[in-house]
Amino acid sequence: MCDGKAECRHEARQPGPYRGRNWRGPFPRTPGRLAGMALIRLYQLTLSSFIGHGCRHIPTCSEYGYEAIARHGLWPGGWMTLYRIARCGPGGKGGLDPVPPHLGGRLRWLAPWRRSS
């Protein structure tokens, strides 16, 4: 039994239910977003196992695409995903590459491939 001491705090950090690997934040459920996310999910469930797990980035390219389309819509999220896949090829750098939370300034909806970094 725990009375709130520091050595008992690990009991309060029980892992929650499994939420999956894709982003589950709030987003408007427009037809374009749902169609784009469905295509990426179909890829994850079918072709991804044949291609293998060779993405150099965190999150993977399909997870990035799912989140980018959910957050920013089909047009900018789709361009961001294509740009990310192009950077994942031979000679590309890897590492942590999260989806930007907002497309402002140089990341306009018309040209989301213009990244600030």
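Residues are numbered from 1 along each chain as its sequence is written, and side-chain values use heavy atoms, with hydrogens and water left out. Because the model is predicted, local features need pLDDT of at least 70 and side-chain atom pairs count only at pLDDT 80 or more, whereas totals for chains, interfaces and linings use all residues.

The protein chain has an average pLDDT (the predictor's confidence in each residue, from 0 to 100) of 75, and 72% of the residues score at least 70. Among the helices (DSSP runs of H or I, at least four residues, numbered from the N terminus), mean confidence is highest in α1 (residues 31-45), at 92, and lowest in α2 (residues 48-51), at 82. Over residues 6-18 pLDDT stays under 50, and the model has three contacts (heavy atoms within 4.5 Å) beyond four places in sequence for this stretch. Where pLDDT is low, the predicted coordinates should not be read in detail.

The axes (lines fitted to C-alpha atoms over the stretch in contact, with angles from 0 to 180 degrees between N-to-C directions) of α3 (residues 61-72) and α4 (residues 74-87) come within 7 Å and cross at roughly 160°. The two helices are therefore roughly antiparallel, a term for angles over 145 degrees. Residues of α3 including Y64, A68 and I69 meet a set in α4 that includes M80, R84 and I85.

One aromatic pair is found in the whole structure. The ring centres of W75 and W79 lie 5.6 Å apart with planes at 80°, so the pair is edge-to-face (centres within 6.5 Å, planes over 60 degrees apart, using the six-membered ring of Trp). Being four residues apart in α4, W75 and W79 are separated by about one helical turn.

Key
Angles under 35 degrees count as roughly parallel, over 145 as roughly antiparallel, 65 to 115 as roughly perpendicular and the rest as oblique. Rings of Phe, Tyr and Trp (its six-membered ring) pair if their centres lie within 6.5 Å; planes under 30 degrees apart count as stacked, over 60 as edge-to-face and the rest as tilted.
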